[in-house]
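Reader: I would like to learn how to read contacts between aromatic rings. Please start with a single residue.

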Amino acid sequence: MSQAAKLEEFRKRAAAALAGGTDKARERHKAQGKLLVRERLVRFLDAPPAFEDGLLAGTLRNLAGDAVVTVAGQVAGREVVVIANDMTVKAGSWGHETFLKITAAQRLAAEARVPIVYLIDSAGARIDEQADCYLGRRAWGNIFYNQVQFSGVVPQLCLMFGPSPAGSAYVPALSDVTFMVDKNATAYLGSPRMAEMAIGEKVTEEQMGGAKMHCQVSGLGDMLLASEEEALAAGRRYLSYFPPHWEELPPTAQAVAPKSGRGILEIVPADQNVPFPVHELIERLVDADSFLEIKALFAREIVTGLARLGGRSVGVVANNSAVKGGVLFNDSSDKAARFIWLCNAFNLPLLFLQDISGYMIGSQVERAGIIRHGAKLLSAVCEATVPRIAVMVRKGYGGGYLAMSGAPTNPDAQLALPTAMPALMGPEAAVNAVYLNDILALPEADRPAFIAAKRAEYARDITVAHPADRFAFEAVVEPEGLRDELIRRFALYARRRAGRIERRCGVWPV
């Protein structure tokens with residue numbers, strides 16, 4: 001074959017690989033309202049990829065790229081490696097060369113110290129190639145091994161546009177965060193058909209592993225998006241808060257004034273039992289339009305999200321009194337713990353906004369392991385070495401106060417608003433505990449007045465005066481000066497060197 005013929009042959013194969021699957025497969029894919037894999041890359045990256053690895057893999061078997069595209073490119077001027085399934089090629093399934101390409105891209109990102117982005121749309125592993133890919137030390141499982149090894153080394157972002165069944169479901173599970181497109185993204189270990197055959201359960205694909213279910217119920221999903229374009233834009237925005245790897249600091253942005261609106265004392269009611277919109281409080285503190293909530297639909301009694309404070313990336317953890325009174329449950333403990341680990345891994349300072357009466361009580365939550373889950377959150381807080389500031393916005397009671405980075409967990413600062421209510425217990429629980437015998441001794445008609453009087457008496461003593469006198473707070477801050485104080489403190493705390501106890505690893509609650 002002449003050189004010209006060889007060149008022409010190469011160009012034909014490259015063109016076919018760039019096109020992806022067959023015309024019919026591409027049309028079927030687009031009919032579902034989905035973008036082709038390279039259309040996703042165009043919208044996600046700043047410009048065409050710097051280079052692509054393995055374009056011709058699988059082409060001798062008419063499997064363009066062996067159903068996965070692996071490229072290096074830029075997002076907002078910063079290098080990333082993208083691993084993107086091509087659903088138009090054998091349903092985006094994993095074969096031998098697929099596995100080789102994915103693991104090579106993972107290693108490239110880790111060695112170059114740049115984020116890994118997974119664009120998921122795959123039917124999972126190919127049963128007909130299991131002999132080459134399932135067992136042994138070079139197998140599909142290396143993908144998950146790499147995710148674990150590179151966790152906390154470089155950011156790992158998963159954007160889900162379609163299915164990720166069976167073992168492949170661990171890609172989103174092992175990523176730092178997973179954003180899912182509503183009505184298209186699915187993840188489950190066993191399909192509805194398998195569930196019906198194995199255990200007799202009849203369930204739809206959406207009920208089994210739909211995006212909304214995972215974002216609201218299971219907690220696998222961190223953000224639910226209405227379209228692929230929104231998911232890609234959210235992915236770009238998410239990466240803007242993070243450094244390329246753990247040894248660098250997050251990028252800073254131009255400081256922006258917060259949104260205008262009600263003052264903090266207007267937002268936060270004096271009555272501890274009256275809920276308030278914590279998102280409005282967050283918006284009054286952080287740079288305008290910078291708050292990106294993570295797991296907004298899951299365990300809503302606690303709010304976690306990324307923001308900028310005077311241009312600096314921070315992680316925000318806030319009790320949400322408007323949902324279940326802001327009390328900590330199993331799921332909210334897990335949600336906050338994982339978010340704290342994420343921020344700590346990549347040098348994002350943490351801001352805690354405390355309005356907490358404690359952990360949920362009762363036999364149901366005890367049987368479900370509230371102590372174990374609560375200990376996970378407490379471990380995450382105590383383990384964090386990034387700059388950490390807690391603000392007692394309103395109430396701060398008991399073990400919940402500790403879990404929300406209370407002073408005994410050694411934050412850089414425990415601040416309080418002048419109207420804060422620090423105590424081991426709130427008035428209701430304290431009066432019932434201390435005066436139970438006195439209450440029972442009274443005629444039933446006299447009890448309400450006695451209880452109300454004792455609660456009022458107890459509440460009068462729950463002020464910041466005594467703790468501030470004993471230096472339990474670094475400062476009591478005027479509400480309208482809180483943002484500026486936080487900015488100044490984070491700027492100074494960022495200069496200190498984080499200490500770490502020398503050990504192999506801790507034994508963490510799970």
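Author: This is a predicted model, in which local features need pLDDT of at least 70, side-chain atom pairs count only at pLDDT 80 or more, and totals for chains, interfaces and linings use all residues. Residues are numbered from 1 along each chain as its sequence is written, and side-chain values use heavy atoms, with hydrogens and water left out.

Reader: Is F144 buried or exposed?

Author: Buried means under 20% relative accessible area, exposed over 50%, and partly exposed in between (1.4 Å probe, protein chains only). F144 has a relative accessible area of 18%, so F144 is buried. Y170, at 40%, is partly exposed.

Reader: How is a pair of aromatic rings described?

Author: By the distance of the centres and the angle of the planes. Rings of Phe, Tyr and Trp (its six-membered ring) pair if their centres lie within 6.5 Å; planes under 30 degrees apart count as stacked, over 60 as edge-to-face and the rest as tilted.

Reader: How many aromatic pairs does a search of the whole structure find?

Author: The search finds five. In one of them, the ring centres of F144 and Y170 are 6.1 Å apart and the planes stand at 70°, so the pair is edge-to-face.

Reader: Which residues does the cluster of ring pairs link?

Author: F179, Y238, F242 and F346. Within it, F179 and Y238 form an edge-to-face pair, 5.7 Å centre to centre with 85° between the planes. Both F179 and Y238 are buried.
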